[in-house]
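Please look through the structure below before reading on.

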Amino acid sequence: MNLFDVYPLWDIEPVKGLDTTLWDKNGEVYTDLYGGHAVISVGHCHPYYVQMLSEQLGKLGFYSNAVQNSLQKELATKLGRVSGYDDYALFLCNSGAEANENALKVASFHTGKAKVLAFRKAFHGRTSGAVAATDNPKIQAPFNATQNIVFAPLNDLEAVDTELSRGGFAAVIIEGIQGVAGIYEPTNEFINGLRTLCDKYGCLLILDEIQSGYGRTGKFFAHQHYGVRADIVTTAKGMANGFPIGGVLISPEIKPGYGMLGTTFGGNHLACTAAIAVLDIIEKENLVENAAKIGEYFKEAFAGDPAVKEYRGKGLMIGLELNEEYVGLRNKLLFEKHFFTGAAGAGVIRLLPSLTISQETAESFVAAWRELTK
Ligand SMILES: Cc1ncc(COP(=O)(O)O)c(C=O)c1O
């Protein structure tokens, strides 16, 4: 059987990792500033993470959601404390798309309404509701088409007001910082204005923190830079350092009911253990602070850089929009200097490294960049 061919692949096969270093099958060494698409939050193969997962695997890997699982409660308590959402309830699933799918469903159940407002260039995942709220017709099948999603331009409060005033909206969904689009931030005024409009029109504010959450931007959730509070927050990527998991943080105003949501694998013993290990490491090693500090370093280092048209983002969620003559730099960084980075189209390099990245590694990346662009 062949693989269903949906991914354009680099001809590189990493087989081993440690913190921000990767080794491929030929023994070549790479530095990882991509984190497997913002997933590696505490570094590859962190010894505490490996130990916690190995021990749990030897005890119990999985049982269904029909029995008590105190690991879920431990995770919810820790996540509540670290995130500042300790009065919220946690629903566990398996991916970012699933987290958003469940968030949209909860909002619709709670409000009894069907419509959702999302933003231009948004990416919320590839399941049915999530992909409908994603502003990219190329990845929507006819099956996904729905009249229930309306798009407004990011940072245009008037447009949001006009749409919401038509009525019938269960939720507004917005990324903490738009990632796949190429790193675009909501303004402080806009996101606080959204909160006010959601309250005015009786719909819920869903913050998709799947890419921008878990300390990546220098706060636990990106929207916390603006002092705004969401009704529902979705998380995934960095949550368990690569072990599949998604989480939906749900306001105490929203009441659960048996059967309202459900999943076979969500919240299993291994996923919870991985997520608890990640939170322990983030706290113990002050990784949110490190993300802010190294982010500041990158910002200063790239100020006035001849290759950079615009520097966007916060902390370790960075978009470097390239001047035209430097398009192609990402491949040079990879093949000539052995640095993995992310991208948004050909013109934007995205840096999404592990929050453990050291000053020394950050400096080595800047040095490699300068050599390639001088
Ligand atoms: C903001 C955002 N939401 C949702 C998703 C979907 O997550 P997953 O691929 O785990 O389904 C992504 C993935 O890139 C994302 O960046």
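The model is a predicted one.

Some further totals describe the whole protein. The C-alpha trace spans about 55 × 55 × 45 Å along its principal axes. Of the 374 residues, 46% count as buried. If contacts with a separation of 6 or more are considered, 75% of them are between residues 24 or more positions apart.

Next comes a sheet. Strands of a sheet pair through backbone hydrogen bonds, and the pairing is either parallel or antiparallel. In this protein, seven strands form an open sheet with mixed pairing, and their order is S4-S10-S9-S8-S7-S5-S6. Which strands are at the edges? They are S4 (89–93) and S6 (149–152), each of which pairs on one side only. On average, neighbouring strands of the sheet are turned by 20 degrees against each other, direction ignored.

Strand S7, residues 169–175, and strand S8, residues 204–208, run parallel and are joined by five bridges. Glu175 has Asp208 in S8 as its bridge partner.

A helix lies across this sheet. Helix H4, residues 96–111, lies across S4, S5 (115–119), S7, S8, S9 (232–235) and S10 (246–250). The helix runs at about 25 degrees to S10.

The last element to look at is helix H11, residues 359–373. With 15 residues, H11 reaches 21 Å from its first C-alpha to its last, close to the 21 Å expected at 1.5 Å a residue. Which residues of H11 are buried? They are Ala362, Phe365 and Trp369. Why are these three on the same side of H11? They cover an arc of only 60 degrees around the axis, and this puts them on the same side of the helix. Gln359, Glu360, Ala367 and Glu371 are exposed on the other side of H11. The buried residues of H11 are covered by elements that include strand S3 (29–32), helix H9 (287–302) and strand S13 (339–340).

How values were computed: Residues are numbered from 1 along each chain as its sequence is written. This is a predicted model: local features need pLDDT of at least 70, side-chain atom pairs count only at pLDDT 80 or more; totals for chains, interfaces and linings use all residues. Two strands pair if DSSP finds at least two bridges between them. Helices (H or I, at least four residues) and strands (E, at least two) are DSSP runs, numbered from the N terminus. Axes are lines fitted to C-alpha atoms, for helices over the stretch in contact, and angles run from 0 to 180 degrees between N-to-C directions. Two residues are in contact if their C-beta atoms, placed from the backbone, lie within 7 Å. The expected span of a helix is 1.5 Å times one less than its number of residues. A residue is buried if 20 or more other C-beta atoms lie within 10 Å of its own, exposed if 12 or fewer, and partly exposed in between; C-beta atoms are placed from the backbone. The arc is that of the directions from the helix axis to the C-beta atoms.
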